[in-house]
Amino acid sequence: MSAANPFPPEVIAAVMRHMNTDHADDCLVICQGLGGQPTATAATMSGMDAEAMEFLAVVDGTEVPVRVPFSERLVERRQIRAEAARMYREACAALGRTPRPDAS
């Protein structure tokens with residue numbers, strides 16, 4: 001862990017596994033709506049630190065890195081879920097989509 005990233009590798013791996021397994025569609029929506037990749041056709045979470053989530057989005061058949069900042073610097077693991085949900089809801093709003101009812 002560094003000052004820039006308070007989360008140990010095992011926490012990041014667990015978050016990535018959860019996002020890529022249980023929220024794969026949300027990763028794509030976040031990249032399309034907040035990550036500047038509206039034409040992305042797929043996305044996976046590839047990392048994170050205290051400032052942002054990172055993704056690999058597929059745009060025109062090519063993987064491109066996407067970094068989407070959190071609304072504030074995170075310091076505790078419990079903050080990650082709330083930020084991921086916020087990102088998803090804001091991305092849906094930016095794309096004119098209705099978020100899932102359980103996205104809170």
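How does the radius of gyration of the protein, with its 104 residues, agree with that of a compact globule? A compact globule of 104 residues would have a value near 13 Å, and the protein has 13 Å, which agrees. The radius is taken over C-alpha atoms, and the globule rule is 2.2 Å times the number of residues to the power 0.38.

Some ground rules before you click. This is a predicted model: local features need pLDDT of at least 70, side-chain atom pairs count only at pLDDT 80 or more, and totals for chains, interfaces and linings use all residues. Residues are numbered from 1 along each chain as its sequence is written, and side-chain values use heavy atoms, with hydrogens and water left out.

**Stop 1: the whole chain**

Show the protein as a cartoon. You will find three helices and three strands. Read along the sequence, their order is α-α-β-β-β-α. Helices (H or I, at least four residues) and strands (E, at least two) are DSSP runs, numbered from the N terminus.

Now show the C-alpha trace. Along its principal axes it spans about 35 × 30 × 25 Å.

Buried residues make up 40% of the 104 residues. Buried means under 20% relative accessible area, exposed means over 50%, and partly exposed lies in between (1.4 Å probe, protein chains only). Take contacts with a separation of 6 or more: residues 24 or more positions apart account for 44% of them. A contact means heavy atoms within 4.5 Å.

Colour by charge. There are 10 positive and 14 negative side chains, and the centres of the two sets lie 5 Å apart. Lys and Arg count as positive, Asp and Glu as negative; His and the chain ends are not counted. Each charge is placed at NZ of Lys, CZ of Arg, CG of Asp or CD of Glu.

**Stop 2: the strands**

Select residues 42-48, which are strand β1. β1 and β2 pair in the antiparallel sense over six bridges. They form a hairpin with three residues between them. Two strands pair if DSSP finds at least two bridges between them.

Pick out F55 in β2. F55 is the bridge partner of M45. F55 also stands opposite V66 in β3. Then pick L56, whose bridge partner in β3 is P65.

**Stop 3: the turn at D60**

Which residue in the turn of the β2 and β3 hairpin has a positive phi? Select D60, in the loop between β2 and β3. That hairpin has two residues between its strands. Phi of D60 is near 50°, a positive value in a residue other than glycine. Most residues other than glycine have a negative phi. D60 is exposed, with a relative accessible area of 74%.

**Stop 4: A43 in β1**

Move to A43, in strand β1. A43 counts as buried because its relative accessibility is 10%. Its bridge partner in β2 is A57. A43 and A57 are 14 residues apart in sequence, yet 4.1 Å apart in space, C-alpha to C-alpha. Show the neighbours too. Not counting residues up to four places away in sequence, A43 touches A24, C27, L28, C31, L56 and A57.

**Stop 5: helix α2**

Select residues 24-33, helix α2. Is α2 enclosed or open? Seven of its ten residues are buried, so α2 is largely enclosed by the rest of the structure. The buried residues are D26, C27, L28, V29, I30, C31 and Q32. Their cover includes α1 (9-22), β1, β2, β3 and α3 (78-95).

**Stop 6: out to A93**

Finish on A93, in helix α3. A93 counts as exposed because its relative accessibility is 59%.
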